[in-house]
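Me: I have a model open and want to go through some of its residues with you. Can we start once it is on screen?

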Amino acid sequence: MNTEKFVIRELRYEEYEDASRLMWLTYYKFESKGKTMEQIESFRDSIEAVSLSMNSFDGRMMLLGAFDKSGNLAGTCGIKLKTYPDDMKDFVNENDHITLLFTDGEYHKKGIGRRLLQEMISTAEKRALLHSETVFITVNSSDFAVGFYEKNGFTKTGERTVTKDSVYTPMRYNANKE
């Protein structure tokens, strides 16, 4: 399938319910096995439409969607944007952090996730260039996605971590490839 048939754009508020549903169904099908109820519930709470909209509204996160030719949501990707001094925010993000990269199972292995990730990397690079900085993009990868991130230029920065809320492998991408 040619990924050019998909439109990638920032999600609108009224699309957050669909995004939340896609994230939940994909997580439950591909990532929830072996997780505790507390970890599953923590994830579910973090992707509720209200939570997504609050994080997007105050500038903490940008959330993209990939839409097929019929306008159906096929994938999502978020980035928690690094806070620069001139951003005048009441919070600080030390680096750009990829989050909520999900592709509907029907669209796996079609290049949608890669296109969403590339768009977020491009966004981080442009913002860093404006501030003459080297940008490091991080992600806390699920077990399911470690290989995907490695194929897309990310390297592990630590061991697989299990907390009461999640299971992840920390990874980083150096957008400037020094």
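Me: Is Gly75 buried or exposed?

Reply: Gly75 has a relative accessible area of 0%, so it is buried (under 20% relative accessible area; exposed is over 50%, partly exposed in between, with a 1.4 Å probe and protein chains only). This is a predicted model, where local features need pLDDT of at least 70, side-chain atom pairs count only at pLDDT 80 or more, and totals for chains, interfaces and linings use all residues. Residues are numbered from 1 along each chain as its sequence is written, and side-chain values use heavy atoms, with hydrogens and water left out.

Me: Which strand is Gly75 in, and what is it in contact with?

Reply: Gly75 belongs to strand β3, residues 73-80 (helices, H or I of at least four residues, and strands, E of at least two, are DSSP runs numbered from the N terminus). Beyond neighbours within four places in sequence, its contacts (heavy atoms within 4.5 Å) include Leu22, Leu64, Phe102 and Leu116.

Me: Switching to His97. Buried or exposed?

Reply: His97 counts as buried because its relative accessibility is 18%. The residue is in strand β4, residues 96-103.

Me: What does the side chain of His97 make a polar contact with?

Reply: The side chain of Thr138, at 2.6 Å. A polar contact is a pair of N or O atoms within 3.5 Å; within protein, one must be able to donate a hydrogen and the other to accept it, and residues adjacent in sequence count only if both atoms are side-chain atoms.

Me: Now the rings. How many aromatic pairs are there?

Reply: The whole structure has 10 (rings of Phe, Tyr and Trp, the last by its six-membered ring, with centres within 6.5 Å; planes under 30 degrees apart are stacked, over 60 edge-to-face, the rest tilted). One of them is Trp24 with Tyr27, stacked at 6.0 Å centre to centre and 25° between the planes.

Me: Why are Trp24 and Tyr27 about one helical turn apart?

Reply: Because they are 3 residues apart in helix α1, residues 16-30. Trp24 is partly exposed at 23% relative accessibility, whereas Tyr27 is buried at 4%.

Me: Which residues do ring pairs link into a cluster?

Reply: Trp24, Tyr27, Tyr28, Phe43 and Phe102.
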